Amino acid sequence: MTKAKTIDGKAFAEKLRKKITAQTAIMKEKHNVIPGLAVILIGEDPASQVYVRNKGKQTIEAGMNSYEFKMPPTTTQKKLIAKIKQLNKDKTVHGILVQLPLPKSIDERTIINAIAPEKDVDGFHVINVGKLATSQDDGMVPCTPLGCMVLIKDTMGNLTGKHAIVIGRSNIVGKPMAQLLLRENCTVTMAHSRTHDLEAECRRADIVVSAVGVEEIVRGEWIKPGAVVIDVGINRVQLSDGSYKLSGDVCFEEVAKVARAITPVPGGVGPMTIACLLGNTLKAACLQNGVEVPEV
Ligand SMILES: NC(=O)c1ccc[n+]([C@@H]2O[C@H](COP(=O)([O-])OP(=O)(O)OC[C@H]3O[C@@H](n4cnc5c(N)ncnc54)[C@H](OP(=O)(O)O)[C@@H]3O)[C@@H](O)[C@H]2O)c1
């Protein structure tokens, strides 16, 4: 049996970042604008610190300005909103991202909606959610599903009439992913923890996107031969020697025997997320300065 193509998200993200870097240089030279991304981190969660550090590093590498604001875990909602309001007004900042999760004392939805929609590079603001749902192209699209979509289209080309299943219905991955697939004329099934016979639903799909957070839930026999499988899941699994490895939602070994193409974990969807964040920052800077958004 043929083995599926492994979709190299790391290499793809690198290519994408090079194109964004080139467009950022043009933006600077032609329009005297340097895209700026502000990231706010509350508290000292180690995983969040790593994400924020990586985002900052890649923002600078792309020729953009990176602004990091570290606030203590005791920060009040009022203080955080005051910071966001200040950044909303700052003309050198085109994108604002508040690293999630937030401390329990702060309401996530209130914070997300305090960010000016045109600076909401995560695409989580209710205005941007509405723009995606109503196919308005000037909104910000969440980075992870956007990255998945780029990989799917690069692998499959025209998606019209394809049957896609999205497993997981979160606001940050599952729901926007389904909207993007619908926009490409797919017939979309949305599955979640209450879905009856997930296996049978999956077996009908030409495209499977899994964003669940359960290690290897998607098995080889769930997959229609020739389907494209995108694994968003990131699960930290402890090995017998006490060390940890990252594992996806998809049983790679089994699925690779049936699928046409599959993303690995790590090295699949993950690297595309930051690349798309940089793409959104460039798009935001263009829109805020009346510059046509370049194709990247
Ligand atoms: N690669 C990246 O850059 C990236 C970015 C974001 C997230 N992730 C990863 O993607 C995964 C999902 O993230 P998320 O934020 O979307 O998670 P989430 O908010 O926890 O949502 C998980 C979804 O999976 C569904 N689900 C849970 N158990 C299920 C089961 N047994 N069968 C079917 N559906 C099930 C849940 O259904 P209900 O709604 O019914 O509860 C929910 O809709 C996580 O592993 C996360 O770490 C990766």
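**Ground rules.** I number residues from 1 along each chain as its sequence is written, and I leave out hydrogens and water, so side-chain values use heavy atoms. Because the model is predicted, local features need pLDDT of at least 70 and side-chain atom pairs count only at pLDDT 80 or more, while totals for chains, interfaces and linings use all residues. I take helices (H or I, at least four residues) and strands (E, at least two) as DSSP runs, numbered from the N terminus.

**Entry 1: helix 1 against helix 10.** I looked up helix 1 (residues 9-31) and helix 10 (residues 269-288). Their axes come within 8 Å and cross at roughly 20 degrees. The axes are lines fitted to C-alpha atoms, for helices over the stretch in contact, with angles from 0 to 180 degrees between N-to-C directions. The angle makes helix 1 roughly parallel to helix 10. I use under 35 degrees for roughly parallel, over 145 for roughly antiparallel, 65 to 115 for roughly perpendicular, and oblique for the rest. The crossing is left-handed. Left-handed means that the near helix is turned anticlockwise from the far one by less than a right angle; clockwise is right-handed.

I then listed the contact (heavy atoms within 4.5 Å). Helix 1 contributes G9, K10, F12, A13, L16, R17, I20, Q23, T24 and M27. Helix 10 contributes P271, M272, A275, C276, L278, G279, L282, A285 and C286. By class, I get 13 nonpolar, four polar and two charged residues. Here Ala, Val, Leu, Ile, Met, Phe, Trp, Tyr, Cys and Pro are nonpolar, Asp, Glu, Lys and Arg are charged, and the others, Gly among them, are polar. An α-helix has 3.6 residues a turn, so residues three or four places apart point the same way.

**Entry 2: helix 2 against helix 10.** How do the axes of helix 2 (residues 46-61) and helix 10 cross? They come within 10 Å and cross at roughly 55 degrees. That makes helix 2 oblique to helix 10. The crossing is right-handed. N54, K55, Q58 and T59 of helix 2 meet I274, L277 and L278 of helix 10. I sort this contact into three nonpolar, three polar and one charged residues.

**Entry 3: cysteines.** I searched for disulfides (cysteine sulfur atoms within 2.5 Å). The count is zero. For C143, the nearest cysteine sulfur is that of C276, 6.4 Å away. C143 is buried at 5% relative accessible area. Buried means under 20%, exposed over 50%, and partly exposed in between, with a 1.4 Å probe and protein chains only. For C186, the nearest cysteine sulfur belongs to C148, 13 Å away. C186 is buried too, at 5%.

**Entry 4: I167.** I found I167 in strand 5 (residues 163-167). Is I167 buried or exposed? I167 is buried, with a relative accessible area of 3%. Leaving out residues up to four places away in sequence, I167 touches A191, L198, C202, V208, V209, S210, A211, V212 and V218. I also noted D249, 82 residues from I167 in sequence and 9.9 Å away in space, C-alpha to C-alpha.

**Entry 5: helix 7.** Helix 7 (residues 174-183) has G174, P176, M177, A178, L180 and L181 as its buried residues. Their cover includes helix 5 (126-133), helix 6 (143-156), strand 5, strand 6 (187-191) and strand 7 (207-210). Just after helix 7, N185 takes a positive phi of about 70 degrees.

**Entry 6: backbone exceptions.** Most residues other than glycine have a negative phi, and most peptide bonds are trans. S135 has a phi near 55 degrees and lies in the loop between helix 5 and helix 6. S135 is partly exposed at 46% relative accessibility. E216 has a phi of about 50 degrees and lies in the loop between strand 7 and strand 8 (228-231). E216 is partly exposed at 25%.

I looked up cis peptide bonds as well. One joins L100 and P101, with omega about 0 degrees. P101 is in the loop between strand 4 (95-98) and helix 4 (108-114). Another joins V265 and P266, also with omega about 0 degrees. P266 is in the loop between strand 11 (261-262) and helix 10.
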